[in-house]
Amino acid sequence: EGETPSEDAFVLTSAGAPMIVPVSIGGTKLLMTIDSGSVCTVLDARLIKLLGTEIQKPESAPAKAVGDGIRYYKTGPIKLGAISFKPEFVATVNLSERGIAAAQPILGVMGAEFCASVVIGMDTDACRLRICKEVPKEVSDRSHRIDVNLKYGFMPFVEGSIDDLSVAFIIDTGAALTARSPKRPFYFSV
């Protein structure tokens, strides 16, 4: 339904669950979640054999990482359907110890760097996620545009105000879908 080779659509799990998508790294299929609130792309430490060269902590890595034992690697592209994403680096941690709960094992998190490279469309009523290289024409023709910027160098946010007080609202796709999620489809890109 209007999808082109530069985009993919995914059916999401029920409310309260993270956005899980199937990906491929070097031909190995696994499940990852998309979390625009995550500073970088993270893979489970058990996947080290899929990764390239271990590197020193990059300057662009978060200054304060959660936990010990985080290692950094250069890696090949991560393929999400027709879309290929090559992160600057990936961090590895033991995700099973991080409390990411899902019916299927999530072996990675595609963070803000991935989210900044694509347009993400979410329809929480239909539990549908679209990942595109650009805003689809049928959406751009009827939508209201709000600028999304990066705060602190990596967090996508929109600016607004409450009672004349300026505020920044973080867009965090890692937050679980709930009954209070937006009732109309929305798209965002950074």
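Predicted model: local features only at pLDDT ≥ 70, side-chain atom pairs only at ≥ 80, totals over all residues.

Trainee: Okay, how are the rings of Tyr-72 and Phe-89 arranged?

Mentor: They sit edge-to-face, with 5.6 Å centre to centre and 70° between the planes. The pair links distant parts of the chain, 17 residues apart: Tyr-72 belongs to strand E6, while Phe-89 is in the loop between E8 and strand E9.

Trainee: And is Tyr-72 buried or exposed? What about Phe-89?

Mentor: Tyr-72 counts as buried, at 6% relative accessibility. Phe-89 is buried too, at 3%. The cut-off for buried is under 20%.

Trainee: Nice. What kind of pair do Phe-85 and Phe-114 make?

Mentor: Their ring centres are 5.3 Å apart and the planes stand at 75°, so this pair is edge-to-face. The angle decides it, because planes over 60 degrees apart count as edge-to-face.

Trainee: Where do Phe-85 and Phe-114 lie?

Mentor: Phe-85 is in strand E8 and Phe-114 is in helix H1, so the pair ties together parts 29 residues apart in sequence. Both Phe-85 and Phe-114 are buried.

Trainee: Switching topic: what is the order of strands in the open sheet?

Mentor: The sheet has 9 strands in the order E5-E6-E9-E4-E10-E3-E2-E7-E8, and the pairing is mixed.

Trainee: Which strands stand at the edges?

Mentor: Those are E5 (54–55) and E8 (83–85); each has a single partner strand, so one side of each is left without a neighbour in the sheet.

Trainee: How does E5 run relative to E6, parallel or antiparallel?

Mentor: Antiparallel, and 2 bridges join them. As an example, Glu-54 has Tyr-73 in E6 as its bridge partner.

Trainee: Now E11. How many of its residues are buried?

Mentor: 5 of the 5, so strand E11 (residues 119–123) is largely enclosed by the rest of the structure. Both of its faces are covered: Val-119, Gly-121 and Asp-123 are buried on one side, Ile-120 and Met-122 on the other.

Trainee: How many bridges does E11 form with E12?

Mentor: There are 5, and the two strands pair in the antiparallel sense. Asp-123, for instance, has Arg-128 in E12 as its bridge partner.

Trainee: Last one: how many helices and strands does the protein chain have?

Mentor: It has 2 helices and 16 strands. Of its 190 residues, 40% count as buried.

Technical notes. Residues numbered from 1 in each chain as written. Heavy atoms only, no water. Helix = DSSP H or I, 4+ residues; strand = E, 2+ residues; numbered from the N terminus. Buried < 20%, exposed > 50% of the residue type's maximum accessible area, 1.4 Å probe, protein only. Pairing = 2+ DSSP bridges. Phe/Tyr/Trp six-rings, centres within 6.5 Å; stacked < 30°, edge-to-face > 60°.
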